[in-house]
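I set aside an afternoon to look things up in one structure.

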Amino acid sequence: MSETKKLQIALYWGAACGGCDVAVLDTDAFILDVAALADIRLWPIAVDGKYADIEALADGELDVAFFNGAVRNSENEHIARLLRQKSRILVAFGSCAHLGGIPGLANFFTRDEIIRTAYLDNPSIEPGNRTVPTPETRVNGHTLDIPKFYQRVFPLEAVVPVDYFLPGCPPAPDQVRAAILAIATGNLPARGSVVGASERAVCEDCKREKSEKKIGRFYRPWEIIQDPTKCLLEQGIVCLGPATRSGCGVRCPNTGQGCRGCYGPLPGVVDQGAKVISSLASVIDSRDPEEIERILDGIPDFTAIAYRFGLPASLLQRRIRA
Amino acid sequence: MQSCKIGVYICQCGTNIAKMVDCEALVAFAETLPEVALAKTYKYMCSNPGQDMIVQDIQANGLDRVVVAACSPRMHERTFRNALQVAGLNPYFFEMANIREHCSWVHDDPVAATQKAKALVRGAVLRVARHEALERKTVDMCPEVLVIGGGIAGLTAALDIADAGHRVHLVERQGSLGGNLARIDLTAPFLNAARDLLTERITRVTESERIDVMLHSRVVNLDGFIGNYRATVEVRDADGLPRKTEFLVGNVIVATGYQEFEASRITHYGYGKLPNVVTSFEFELMLRHGRIQMADGHLPRFVSIIHCVGSRSQEFHGYCSRVCCMTALKYAHEVRSAIPGCHVSDIYIDMHAFGKGHEDFYRRSSEVKTLFLMYRKGDRPVIRRADPGDTCDMLIEVNEQLSGETIEIPADLVVLMVGMEARSDAHEVARLVNISQDKEGWFIESHPKLDPVATTTDGVYIAGTCAAPKDIPDTVAQARASAARILAKVARGRIEVDAVYAEVDEARCSGCRICNDLCPYSAIEFDAVKKVSRVISAVCKACGACGAACPSGAIKARHFTDAQIFAQIEGVLL
Amino acid sequence: MSFEPRIVGFLCNWCSYTGADLAGTSRIHYPPNVHIIRVMCSARIDPTFVLKALAQGADGVLVCGCHPGDCHYTDGNYKAMRRFPLLKRVLDAYGLEKDRVRLEWVSASEGQRFADVVSDMTERIRPLGPCRIRPGLQADMAER
Amino acid sequence: MTRTISIDPITRLEGHGKIEIFLDDEGAVEDCYFQIPELRGFERFVVGRPLEELPRIVTRICGVCPASHHMASAKAVDACFGDECPPVAHKLRDMYYHAHYIHSHIAHFYALAAPDFVCGPDADPAIRNILGVVAKVGLEIGGRVIQARSLAQRIQAILGGRTTHLVWCLPGGVAKGLSAQELEEIKPMVKELGAFADFSLHLFRQVVLGNAQYVDLILNGPYTLDVHNMGLVDRDLAVTFYDGDVRVVDFLGREICRYPPRAYAEHVAEHVEPWSYLKFPYLKKRGWKGFTEGLDSSLYCATPLSRLNVAERMATPRAQEAREEMYATLGGRPCRALLANHWARLVEMVQNAEMLERYCADPEITSDRFRVVPSRITGEGVGIVEAMRGTLTHHYTCDENGICTSANLIVGTTNNNGPIHMVTKKVAQAMIQPGKDPDPAILNMIEMAFRAFDPCFSCATHSLPGQMPLEVQVWKGGERTWHAKRGP
């Protein structure tokens, strides 16, 4: 090739909220640099494109595809496979693609439970309704398809091989900027690595004062007025900061709320929630089984806190179905 | 992970393993496992030829990992690690699969047992592939020794160490040395005076320049690790006021002894209510005062000795206190000598006379017309006050086993042979020096047979009756053994500490400080400048609590890493 | 063939593993369903290990440590004691049957107790049938 | 033989939309379906969660308007906790929300709507995007747009700690207040945003109103629907966003109903079709009447224009002036021209900027009384806000421990599902004539219809607001006979 080829990139989504794309927009003027640096072949928020355009690409024609969102239905999976095929580098962009994200909380329920709540059992549903969406419907002699709603949510990696993971819900714009630059310059770590995040936990960047920990009581965040200078955990407010990669800019603890782990587990940790169990419980200040139970009662619904962003990527992945 | 060459050795343990586990099938199975270069089975892997086989295979075949499926690693892990070392391989490239204690000895279906053995071997193979070479560190060994307890065990150990030229700190709770032995008159079976045994030792100890005796004292804290313990002792001065003193020692001997069973717990012996029912220690006091008498000062005409008071019973202690039978015979002997014509009856369950000269002593005692009555365990004799017209103070009813009859005998004095039990404060001592107790409260040895004076804490030894009931020769032997063990280590000057400890990857530590308060040994320090936590490896005892708790995965429990345990989990789920 | 539960046992070296050894030296028979993994202290048992075993196909997980107050490492078993109820809450949220995961204190002298625990646990898991975690996850992939 | 035209996916709105057009034997449009293929199930999986976690979970319904969900959720949670939230907290939240509106409206107007008008509806699709707009208006203005959006984000970050997916509100108030120092930091930004809102209106007048062709398109294109309007109004019946009563006004301007949030279920119901995951809300008291227009219809729009249509006035003077200008130009209130939504958005932006100025001058805004510890749990609450893309309802119940026992959500764009479905068919019928091959311009026509709604199917279908690269396929007997697409 005689002239330097511009980077061919695509941004696309699965079951997502759009926050990841907003995070890219939040790089502000950097977007203009990206436009100069690369051909954005596909970015539905700002640039036209559709499935057929991806399909028309040669295999590996894209240098990088950023996939945000989880895999919730057959359409998400289809796009994921297509992008994998067309891209040299596939990046799981944001918590949902990385770990399943908040949509992954649906893995505590079955498909039927979700459908029932959405379409049958709720106070504003049409009286007497018994209709629920179905993958294939015959209407007036026509067939209408909608994607198959899977039993559960998958992270991107469960469906296709992923080269890099850019964590965060959403990824911090600075990290997005750095990651795109790293890719543009080929300055990348080994495949399979997490990029755009620290190798240390959120506490590293958290300015709150930390000391030895002993927790005699957990508080729900609204139950006490917290000290803005002290470690939240030491005040009994559940914070996943110690078990979560930094890189977010300590957004939640700085606001006065405990971290919920969107940047995912630290290197080598296979189950973020298990680490939260282990660390949090270890510092409970009691040796009496009944008192320990009482202290733990101070964290209702612990599981959905510990696995807020990572349930589909956890070891057990979902609630066991009968 | 680099690929490796694993040798797998299946021990038949004579027939202990082979009779339940198909060792050949296990070999064939092991050969199919990833990275296994060779698999063999042998009669006794722990034997010299067995170890040689490993050494030769390592050298000839370039093995770099070894799995031995045999007995418990608590038995022979050290043996095989040494073999690896001999062969020039890092000793931590070794893993044992426990197919004897956990398999062949506890299962009765050969098919299921073999299947389980395969799973255990697979776990070990997958694990060992992830083992890392670990280097042991050496630290200075402080030659001074702390001896806790000034009884015969403590005195003996202290003298041996002092005689070898090292300083000893001897801490005794009481105001005098000698312990329980000082309460005894003559010893069985050779009837040496206890006083003679003790006096010479106490004199030497108190006069020794190298032994610092602290009476009315107790150890209140012990920090550190082998070679480098810091002891804090609370000493009472002349006015009885406590003051604390601190000193460094390299090793500790725990020789805190026993306490006697509280006889009043067996209510129908009437101890504490019937004036002429006494314990063996009270009887010793009479002997030492030279007069065997009833509470009213009269000489007894009928003396009964009851064995196993508190011992060998379901309600109290299940074990035998070991010294009482011979002591009882000694009493019979002494009563007969002191009060000729006095009728002595000896009420026992079995007569335990297993020591040197004991059987002979028993035979001689039987010849002095002692009436032996055998009762059944759980069917204790009953003592009651005699009626006013009777010629004796009490009557004892015994269901006599040999005759099969219920016999009532008169008694003016009843001696209860109270057993030994762990001291009520043994628990505090155990925590202080970080050793374990068994369910009866006795301190647990490192190995009941092969390492009976060491404990699970390096540098802490046990001697005498704090570990279990024993007689004087055994106590003294243990005391001298622990002293010898310490002297051997002190002689080397430096001590190798285990390579298994936790370490913090500072590049991964966020300084969250979750771990800081978890270490029971305060081995974790926080660097306030770098804002990271750090493990002082020499202080770490490798429990792994911090590794499990570290939310960042920044703490690695060496030799028990996540990767190793995950591999083993995968492996055992065959 | 009848269902034989596969149970992974995590035992502390000083009490429970020694207790299991004692069951062996005492020739106390018990079912062969528990496969023991030795750790130095029950405090080393990261809840991840339990989840990992379940995800790998274990039908049950047994965690054993020294009796409270008797830890070789002073208070390691209290750490296990604190983590376990939280882990149980999580497993409950995942829908796991309670009997599949168990924490027991077994001392070095309790060979019989170890054998009893294994027998009891095996018999409680047997009627539950194989744990559905692993086949469930495999079915998820197939269902897509 | 029926022919099918498939437009799949409708990316620039949110990716996850699909239009199927069925032609009869003559080639006329027989049926047209707007399908939403995505469901995530938030209503189910927030059940069992502690209520205080909900505001920080539901933001992930939509990353484009997370603050809308956060605020609606916070208000529903407040209600479940007995509404003890102090006034300062409400002011801070409202202030945040105005900044959020500005950010969203800027993004929509400049990135999504402006390409049509600035570059022209017929411009090469490859440049019909924000970059094309920048190229046309110049880098200076382009830079100013990016900066204004960035300022709006910055104000949110200062107030609530985060922009996308904030975690700020909790039962009893907000987790952090506004310091005097932070207020001083915000003030110049607010000033610039005020100026920018005026500038945007000016640009609109210049580019759109100055072009007779565009005005004609707005007023006379196929983009009108005779359905009703829904929006929040304050006590003075002025436009409001964070809090108020819901008012529904028919397309002739007559009030159908006005109700407080807690009464929503008496007035709104949702119809389900098996061929879409997105429900179709309608006016409950009228019953489901199908996809029909007219005074009897039970369908309504909830858009910026609807908000202006249901309100009697704007809440601030400069916005009121802008509103009067708009209605005067478009032939009075209410207005049914869907493309007027773009203008309405700019009018709203003026009010947002003026409200920010008002809060900056409020001495109470830096008070530390931004949170109380709630004293009770009442068990049920409804929170309604105006999301940028329509009236947003969150309804929760909880147990005595404050654990969510049920949740019902009617999301902004969902309100417009029926109207969008209908306007799609309307456009298709206008563009596809018997005996004629489908005109490729159908893509643009449908795109513009959608863009008027700014449908956020992240919220509703859960994808992105954005470009709408369309693909039309005509099927005959299972074979594709015609294919048109808009691509990069």
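Below is what I looked up, chain by chain.

**Ground rules**

I'm working with a predicted model, where local features need pLDDT of at least 70, side-chain atom pairs count only at pLDDT 80 or more, and totals for chains, interfaces and linings use all residues. Residues are numbered from 1 along each chain as its sequence is written, chains are lettered from A and ligands numbered from 1 in the order in which they are written, and side-chain values use heavy atoms, with hydrogens and water left out.

**Who touches whom**

I started with the chains and their contacts (heavy atoms within 4.5 Å). Four pairs of chains are in contact, and chains A and D share the most contacts. Chain B and chain D have no contact, and their closest C-alpha atoms lie 22 Å apart. Chain C and chain D don't touch either, with closest C-alpha atoms 10 Å apart.

**Chain D overall**

I found 16 helices and 16 strands here. Both are DSSP runs numbered from the N terminus: helices are H or I with at least four residues, strands are E with at least two. Of the 488 residues in chain D, 70% are buried. Buried means under 20% relative accessible area, exposed means over 50%, and partly exposed is in between (1.4 Å probe, protein chains only). I also looked at contacts between residues at least 6 apart in sequence: in chain D, 68% of them join residues at least 24 apart.

**Helix 5 of chain D**

How far apart are the end C-alpha atoms of helix 5 of chain D? They are 45 Å apart, which agrees with the 48 Å that its 33 residues (87–119) should span at 1.5 Å a residue. The expected span is 1.5 Å times one less than the number of residues. Next I checked for a bend, the angle between axes fitted to the seven residues ending at a residue and the seven starting there. Helix 5 of chain D bends by about 55° at D:Ala113, and D:Pro115 follows within four residues. This helix is largely enclosed by the rest of the structure, because 29 of its 33 residues are buried.

**A sheet in chain D**

I traced an open sheet of four strands in chain D, in the order 8-7-6-11 with mixed pairing. Its edge strands are strand 8 (255–259) and strand 11 (300–301), each pairing on one side only. Two strands pair if DSSP finds at least two bridges between them. Strand 7 (residues 245–249) and strand 8 of chain D run antiparallel and are joined by four bridges. D:Val248 sits opposite D:Cys257 of strand 8.

**Helix 9 of chain A**

Is helix 9 (residues 272–282) of chain A mostly covered or mostly open? It is mostly covered, with 11 of its 11 residues buried. Those residues pack against helix 11 (302–306) of chain A, helix 13 (545–549) of chain B, and helix 2 (47–55) and helix 3 (76–93) of chain C. A:Asp271 caps the N-terminal end of helix 9 of chain A, with a side-chain oxygen 3.3 Å from the backbone nitrogen of A:Gly273.

**Strand 2 of chain C**

All six residues of strand 2 (34–39) of chain C are buried. In a regular strand the side chains alternate between the two faces of the sheet. Strand 1 (residues 7–12) of chain C runs parallel to strand 2 of chain C, and six bridges join them.

I looked for side-chain polar contacts. For these, a pair of N or O atoms must lie within 3.5 Å; within protein, one must be able to donate a hydrogen and the other to accept it, and residues adjacent in sequence count only if both atoms are side-chain atoms. C:Asp140 lies in helix 5 (residues 133–143) of chain C and is buried, with a relative accessible area of 2%. Its side chain makes a polar contact of 2.6 Å with that of A:Arg321. B:Glu284, in helix 8 (residues 280–289) of chain B, counts as buried at 2% relative accessibility. A 2.8 Å polar contact joins the side chains of B:Glu284 and B:Lys330.

Most residues other than glycine have a negative phi, and most peptide bonds are trans. A cis peptide bond joins B:Ala188 and B:Pro189, with omega about -5°. B:Leu191 has a positive phi of about 60° although it is not a glycine, and it is partly exposed at 26% relative accessible area.
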